[in-house]
Amino acid sequence: AKKTLIIGGVAGGATTATRLRRRDDAMEIIMFERGDYISYANCGLPYYIGGVIESRDALLVQKPEVMKNRFNIDVRVSSEVTKIIPNEKKIEVKNRKTGEIYEETYDNLILATGSSPIKPPIPGIDSGNIFTLWTVPDTDRIKAYLTEKKPKRAAVIGGGFIGLEMAENLHEEGVDVSVIEMQNQVMAPVDLEMANLVQENMIMNGVNLILGDGVKEFHHKGEIIQIELTSGNVVETDMVILSIGVRPNSELAKQAGIALNKKGGVLVDDYLQTSIPNIYAVGDVIEVTHYITKDKTMIPLAGPANKQARILADNIVGDKKTYNGTLGTAVAKVFDLNVASTGLNEKQLKAMGKVKNQDYFVALINQKSHAGYYPGATPLTLKMLFDKAGKIFGGQIVGQDGVDKRIDTLATTMRLDGTVYDLQALELAYAPPFSSAKDPVNMLGYVAENILRGQISFIEWDELDALLADASKKNKYTILDVTEEMERMVFAIPDSVHIPSGEIHQRWKELDPNKMVILYCTIGVRSYNAARVLLQKGFKNIAVLSCGSGFYKSM
Ligand code: FAD
């Protein structure tokens, strides 16, 4: 029987091991994990810290004894693989408990070593109350610190999904939280205006959000940490959570001469084999193909790791399955909102040199999570990017309910190479508590078609700002507010003309058809309807403010 060694015993490693066993009962399978735990729920760790998941045991999905009894897999915890010797097809293992070093031979070797949090060489970073969150021991340390020291303040460095999940969970624990993010927005996978919705909600929940500022130095005054920022500002705190990104655990692969990319990601072919025969790799440690761009990239997520693991196990027993790339579909709960994304965002498209309304188009709409007349409907903001032919580049959604199912519908359509026209045709489950007869995803398809056929055009918040700031264009456009008088008293764009949407059929002649007319209401629906009236009256140059003034004024 063949012998397969697996390095890493969590998402990718444990999944490969059990699938291999299901496919080949005779194979000898040994899984090495340098930590004390295998197959634990990394993604659940923040929720255990916040007390949402109460039992620590619930995080430990699979135990070594069970893997042995149920799957006949030889699991060796506290066992660090320290060397790969490819030409002798063997590895060197160090038992971290006893210090013993031994060798093990293989027919197939699988790297599932994952990634680790980045810890840059910032002065003062190596101290007891500066934490990273990645493993069960990390979690225990943070939990113990919270219980024993009862810190009043915490600072999270990095506004990615793990940082924000931690911010929420620390807040749940009654800690005053600051989030410090070097970029001008949190949640890099979504665009600025979508992130802004999340940011507003964080601020509403009392988070001290600091954007566009990095950490220069940590000064320790006893138990208190003074975080000196590059701006010169100082944030004082009792503990720090560092979550500024991850790097692949590929030192072993490098030492073995396996080809890596510039970021240290292990290169694999479509069958997940590395540059050395009989050595394979899955999970956070590998470079993947982006499903949309077909470019090589790193996308460390649990879903792809699990999918790759199954494909690899099948290939090791003789199949020829390929891993066809990662979309980067992700979702996170941040305080009262959920934020999700799939594929490319607009920042990425711009960075690729693509031009709006030429290479790509934007549909940015506001919808309700289910029929408005059924209690409990909440707003959803959806953004989709697509090309002239209707191919979808990516989507982003922020809201309370139904964010996950809409992003999954988009991701599914994209994975099946569907277009915006396919979104229109999707027949999705509907009853008032769940959706509307036209689901928000169907609506994205309809709006996209309207845009592509020139039946409507939108102006985004930043484009409107640029226009308002340009004195030379002042006489070239009219800003038309189609809200009601009461709404106008709350907010109006300066110098806008007011015709409530209900009067547009009678009063459209008051507008100059030679000027561009930019229409807005509060969320973008009435202004769209009014725009359709003007277009049919012969107005040629019309734009609707995407998602209306509610969205615009928050930017
Ligand atoms: P891991 O699951 O990290 O496993 C790698 C293992 O290899 C580690 O246990 C490590 O100790 C071991 N190892 C490394 N080197 C050696 C060696 N030399 N010898 C022996 N063992 C070694 N993803 C999502 O998609 N959704 C989420 O909501 C989400 N939330 C997350 C929240 C947190 C707090 C964290 C930490 C991660 C989260 N992730 C999430 C990411 C997800 O957990 C990873 O993408 C996934 O676990 C990657 O699987 P992997 O097998 O490549 O690596």
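**Close-up views of a predicted model**

The shell around the ligand comprises 18 nonpolar, eleven polar and four charged residues. Here Ala, Val, Leu, Ile, Met, Phe, Trp, Tyr, Cys and Pro count as nonpolar, Asp, Glu, Lys and Arg as charged, and the others, Gly among them, as polar. The model is predicted: local features need pLDDT of at least 70, side-chain atom pairs count only at pLDDT 80 or more, and totals for chains, interfaces and linings use all residues. Residues are numbered from 1 along each chain as its sequence is written.

**View 1. The surroundings of the ligand.** The ligand is surrounded by 33 residues (C-beta atom, placed from the backbone, within 6 Å). The closest are Gly-8, Val-10, Gly-12, Gly-114 and Gly-283. At least two shell residues each come from helix H1 (11-23), helix H2 (45-49), strand E4 (79-85) and helix H8 (302-316); helices (H or I, at least four residues) and strands (E, at least two) are DSSP runs, numbered from the N terminus.

**View 2. An open sheet of five strands.** The strand order is E21-E22-E25-E24-E23, with antiparallel pairing; two strands pair if DSSP finds at least two bridges between them. Strand E21 (330-334) and strand E23 (361-368) are the edge strands, each pairing on one side only. Eight antiparallel bridges join E23 to strand E24 (residues 379-386), and Phe-361 stands opposite Phe-386 in E24.

**View 3. Helix H12.** After H12 comes Gly-454, with a positive phi near 70°.
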